[in-house]
2 protein chains.
Amino acid sequence: MRLLYTINFFMNSPEELVDFIQHGHQRYLPHLSIDCVVFGYHDQQLKILLLRYHGQENWNLPGGYVEWQEGLTAAAHRILSEKTQLVNLFLQQFYTFGDSPIRLNRIDIQNNHNKAFAKANVAITEQHWLSNRTLSVGYYALVDYQEVTITPEYLVDDYAWVDINEVPPLSYDHNEILDKALLTLRSQLYQQSIGLNLLPEKFTLPEIHSLYEAILGKQFDRRNFRKKMLALGVIRQLDERRKIGPHRSPFLYVFDLENSNKVLEAGAGVAL
Amino acid sequence: MRLLYTINFFMNSPEELVDFIQHGHQRYLPHLSIDCVVFGYHDQQLKILLLRYHGQENWNLPGGYVEWQEGLTAAAHRILSEKTQLVNLFLQQFYTFGDSPIRLNRIDIQNNHNKAFAKANVAITEQHWLSNRTLSVGYYALVDYQEVTITPEYLVDDYAWVDINEVPPLSYDHNEILDKALLTLRSQLYQQSIGLNLLPEKFTLPEIHSLYEAILGKQFDRRNFRKKMLALGVIRQLDERRKIGPHRSPFLYVFDLENSNKVLEAGAGVAL
């Protein structure tokens with residue numbers, strides 16, 4: 001299942017930015033944000049999407065605020081769709097962050113926001129709603145970064161797909177958020193159909209093997225991998241091959257969605 | 001590793017309750033609570049701790065608010081220790097809830113709080129801080145309910161350890177929170193040393209088998225269970241037996257903590 005989509009950020013003029021800074025607290029809960037770790041996979045490489053706001057040196061995860069009358073899951077989808085135009089996304093809440101010094105110290109937040117929103121020429125004081133302590137709910141998504149077109153919003157100077165092994169120091173506690181997302185993704189590889197929208201509907205063993213190696217960040221034996229994936233019921237082998245050369249026609253596999261849902265519902269107990 | 005502890009709730013007088021209602025927003029973030037699912041295990045039975053506040057018909061999970069300058073994890077430990085006096089708890093964040101109608105509709109919250117806090121004789125209006133939309137971060141814990149002594153706070157009329165299969169309709173979205181906690185606990189059984197403070201340091205196979213059956217809510221073959229737990233490296237068999245009768249001296253096992261940490265760090269990949 002391949003999807004075509006465009007990344008498109010939401011604030012597009014200085015007026016919208018000033019309005020957000022001055023009146024955002026009427027629309028958004030002032031203490032809660034959502035940060036999205038968008039993993040991008042293509043051709044055996046795992047990357048993440050980073051943004052750099054005007055005036056800031058460090059890169060950021062894409063994120064946003066939750067509206068007063070908006071469900072949390074709906075907010076995560078809205079924020080990411082405002083940034084990606086993508087709607088049927090595999091979007092997974094993984095952790096809520098409220099421990100880092102940056103999440104407790106208003107002065108740090110104020111300084112960071114003053115840099116980020118310098119274009120608006122509106123001073124963010126210590127009492128400003130954007131200086132409030134803000135906890136952040138982390139969501140992750142997986143997309144094919146080759147199929148993404150990005151149109152940055154007014155505030156964003158630059159964006160990049162960065163290799164997971166070459167991530168620079170990020171703003172706020174975003175490195176910690178990224179690490180936790182990667183840990184969660186890895187721990188869920190054998191419980192969920194991760195890769196459903198990154199692989200063709202019917203895929204070969206080398207294709208899913210490469211995807212899992214990229215996510216786990218290491219190489220492992222293909223035959224053991226196949227044995228385990230089949231034993232756990234994550235994938236199913238078809239009685240069908242793909243012809244890729246005169247002497248090469250590997251078997252095709254599909255995700256065993258029915259079984260995956262069972263595993264997810266009943267926990268690891270199903271495999272007993 | 002057995003622990004002895006006492007449950008002891010935090011508000012103990014009408015004055016403290018009135019102070020909380022009138023001035024709580026100066027101490028606590030007004031939009032965020034923590035709810036704790038305390039699983040209790042003893043003698044092959046899995047239960048959860050429920051409270052009933054004065055004036056409310058339905059039961060509740062124990063919960064509380066996060067202080068302005070308090071880390072989220074610290075808040076979870078404080079809230080639960082105020083209620084249990086227990087400090088070195090296996091406490092696990094599992095999900096943040098912000099989707100249910102009760103989490104979006106102020107009127108429902110207002111009505112519920114007015115019932116819960118009726119003893120204080122302070123009306124909670126729509127503009128009151130306690131009527132604000134409140135998202136809740138869920139944490140779960142596992143304790144031995146036979147070793148808990150409970151001293152309910154002023155507001156709590158009653159408490160109970162309720163069998164996991166006989167949970168009544170709870171207040172707010174607490175049934176949803178409980179379901180998600182149970183799902184998470186089950187899915188983590190083979191990744192974490194769950195049961196570490198419920199079993200003796202050295203335990204027999206029937207002891208851990210009964211614990212896992214209680215958590216998964218079903219029976220399964222003991223020999224397959226042993227094989228899987230050893231293969232995944234969750235437990236390790238000792239060259240040591242426990243004498244429980246003239247002809248019965250089963251082998252003892254321990255949790256393989258070093259390996260569990262590796263599994264947790266690297267995700268499921270270690271088992272490949």
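Modeller: Contact means that heavy atoms lie within 4.5 Å. Helices (H or I, at least four residues) and strands (E, at least two) are DSSP runs, numbered from the N terminus. This is a predicted model, in which local features need pLDDT of at least 70 and side-chain atom pairs count only at pLDDT 80 or more, while totals for chains, interfaces and linings use all residues. Residues are numbered from 1 along each chain as its sequence is written, chains are lettered from A and ligands numbered from 1 in the order in which they are written, and side-chain values use heavy atoms, with hydrogens and water left out.

Colleague: Which residues of α5(B) and α6(B) meet?

Modeller: Leu205(B), Pro206(B), Ile208(B), His209(B) and Tyr212(B) of α5(B) touch Arg222(B), Phe225(B), Arg226(B) and Met229(B) of α6(B). The residues of this contact comprise 6 nonpolar, 1 polar and 2 charged. Here Ala, Val, Leu, Ile, Met, Phe, Trp, Tyr, Cys and Pro count as nonpolar, Asp, Glu, Lys and Arg as charged, and the others, Gly among them, as polar.

Colleague: At what angle do α5(B) and α6(B) pack?

Modeller: Axes are lines fitted to C-alpha atoms, for helices over the stretch in contact, and angles run from 0 to 180 degrees between N-to-C directions. Angles under 35 degrees count as roughly parallel, over 145 as roughly antiparallel, 65 to 115 as roughly perpendicular and the rest as oblique. Helices α5(B), residues 205–216, and α6(B), residues 222–231, pack at about 95° with their axes 11 Å apart; they are therefore roughly perpendicular to each other.

Colleague: Which residues of α6(A) are buried?

Modeller: Buried means under 20% relative accessible area, exposed over 50%, and partly exposed in between (1.4 Å probe, protein chains only). In α6(A), Phe225(A), Lys228(A) and Met229(A) are buried. Seen down the helix axis, the buried residues of α6(A) fall within an arc of 100°, so they line one face of the helix; the arc is that of the directions from the axis to the C-beta atoms. The face turned away from the buried side of α6(A) carries the exposed residues Arg223(A), Lys227(A) and Ala231(A).

Colleague: What covers the buried residues of α6(A)?

Modeller: The cover includes α5(A) and β10(A), which span 205–216 and 235–241. After α6(A) comes Gly233(A), with a positive phi near 75°.

Colleague: Where does Ser171(B) lie?

Modeller: Ser171(B) sits in the loop between β8(B) and α4(B), and is buried, with a relative accessible area of 4%.
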